[in-house]
Amino acid sequence: MKRTRATPVIALTMLGLVVGFLVEITSAATGAAMVLPPATLPVALVGIAIAVVALAWPIRQATRGKVRRHVNPFLAMRVAVLAKASALSGALMLGFGLGIVLYALTRSVMPAATSVWSALGMALGAAILLTLCLVSEHFCTLPPDDEDDEQGGIRA
């Protein structure tokens, strides 16, 4: 598995922004109320981020700590995949929240402040999820071996 690069994160954020903005335009065109995230969503996103970091921390301690221990490679891979999936989901939700904020701020009549704050809270929670999951994914990678560095990275 390759580590997450910036391109898919930026692409998913932009996709979420466009979808969030278009969902709000569609709901306004049909006369429906604005689509707003629940107030508990930022708390849930931060809770997921903390859980992923808690799963990745023992792997980091085992591979980079003062005393190196054996790591179950299947567990490390599962945590790395969970961190990557959560980071990409966080990027999508960050864009969606920013799309709602962009829609609310571009209207001639401002909606209620609670709608803007709930969308900003969603975007902030998603940004925290994205950041902590990228860090957790980094925790699950192995550091380079000292022997590989001395021999130029190639083993005979």
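Lys and Arg count here as positive and Asp and Glu as negative, while His and the chain ends are not counted. Each charge is placed at NZ of Lys, CZ of Arg, CG of Asp or CD of Glu. On that basis the protein carries 12 positive and 8 negative side chains. The centres of the two sets lie 8 Å apart.

This is a predicted model: local features need pLDDT of at least 70, side-chain atom pairs count only at pLDDT 80 or more, and totals for chains, interfaces and linings use all residues. Residues are numbered from 1 along each chain as its sequence is written, and side-chain values use heavy atoms, with hydrogens and water left out.

**Overall fold**

The protein has 5 helices and 0 strands. Helices (H or I, at least four residues) and strands (E, at least two) are DSSP runs, numbered from the N terminus. The pattern along the sequence is α-α-α-α-α. The radius of gyration is 20 Å, well over the 15 Å that the globule rule gives for 156 residues, so the protein is more spread out than a compact globule. That radius is taken over C-alpha atoms, and the rule is 2.2 Å times the number of residues to the power 0.38. Along the principal axes, the C-alpha atoms fill a box of roughly 70 × 30 × 20 Å.

**Surface and contacts**

The accessible surface comes to about 9500 Å², and 70% of it belongs to carbon and sulfur atoms. Areas come from the Shrake-Rupley method with a 1.4 Å probe; for residues, only the protein chains shown count as cover. Of the 156 residues, 33% count as buried. Buried means under 20% relative accessible area, exposed over 50%, and partly exposed in between (1.4 Å probe, protein chains only). Contact means heavy atoms within 4.5 Å. Among contacts with a separation of 6 or more, 82% join residues 24 or more positions apart.

| Residue | Relative accessibility | Class |
|---|---|---|
| Thr-4 | 18% | buried |
| Ala-11 | 45% | partly exposed |
| Ser-115 | 4% | buried |

Thr-4 lies in the segment before helix H1 (6–29). Not counting residues up to four places away in sequence, Thr-4 touches Val-9, Lys-84, Leu-88, Leu-134 and Glu-137. The side chains of Thr-4 and Glu-137 also form a polar contact of 2.7 Å. Such a contact is a pair of N or O atoms within 3.5 Å; within protein, one must be able to donate a hydrogen and the other to accept it, and residues adjacent in sequence count only if both atoms are side-chain atoms.

Ala-11 is in helix H1. Ala-11 and Leu-92 are 81 residues apart in sequence, yet 8.7 Å apart in space, C-alpha to C-alpha.

Ser-115 sits in helix H4 (residues 113–139). Leaving aside neighbours within four places in sequence, Ser-115 contacts Met-34 and Leu-36.
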